[in-house]
Amino acid sequence: TTAGAAKDPAPEGGHHHLMIAGAARGELLYENHCTVCHESTVHIRANRKAKSVTDIRGWAARWAGQLKLNWTSDDIDDVAEFLAKRYYKCSDKTEKC
């Protein structure tokens, strides 16, 4: 290494994504990959397809697969958490939105 070079800020194990947790990371993934094809209005329309956190996660997994994003289970959980809180207003105490 070069003298004075900045140290890698990643936590032990080198997982940079651990530095940004949960819904915040989900928002970044969503903004970078999902808004290319649709706007957020898809989540607030009256006849939206997702009615639960499980539904939201299923749709996130489906589209991640369709788009060949190679998202991990944690990535999908983070996006689902972001969507559940931001658009679907799901309660932490219940599965339904």
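**View 1. Trp63 in helix 3.** Trp63 lies in helix 3 (residues 53–66); helices (H or I, at least four residues) are DSSP runs, numbered from the N terminus. The model is predicted: local features need pLDDT of at least 70 and side-chain atom pairs count only at pLDDT 80 or more, while totals for chains, interfaces and linings use all residues. Residues are numbered from 1 along each chain as its sequence is written, and side-chain values use heavy atoms, with hydrogens and water left out. Trp63 has a relative accessible area of 43% and is therefore partly exposed (buried means under 20% relative accessible area, exposed over 50%, partly exposed in between, with a 1.4 Å probe and protein chains only). Over the ring of Trp63 sits the charged end of Arg62, 4.9 Å from the ring centre (the test asks for NZ of Lys or CZ of Arg within 6 Å of the ring centre and within 35 degrees of the ring normal).

**View 2. Helix 4.** Helix 4 (residues 73–86) has 14 residues and spans 20 Å from first C-alpha to last, close to the 20 Å expected (1.5 Å times one less than the number of residues). Its buried residues include Asp75, Ile76, Asp78, Val79 and Phe82.

**View 3. The aromatic cluster.** Tyr30, Phe82 and Tyr87 are linked into a cluster by ring pairs. Rings of Phe, Tyr and Trp (its six-membered ring) pair if their centres lie within 6.5 Å; planes under 30 degrees apart count as stacked, over 60 as edge-to-face and the rest as tilted. The whole structure holds three aromatic pairs. One of them, Tyr30 with Phe82, is tilted, at 5.6 Å centre to centre and 50° between the planes. This pair joins helix 1 (residues 22–33), which holds Tyr30, to helix 4, which holds Phe82, 52 residues apart. Tyr30 is buried at 1% relative accessibility, and Phe82 is buried at 5%. Tyr30 and Tyr87 have ring centres 6.4 Å apart and planes at 50°, so this pair is tilted. Tyr87 belongs to the segment after helix 4, 57 residues from Tyr30. Tyr87 is buried, with a relative accessible area of 14%.

Terms used. Helices (H or I, at least four residues) and strands (E, at least two) are DSSP runs, numbered from the N terminus.
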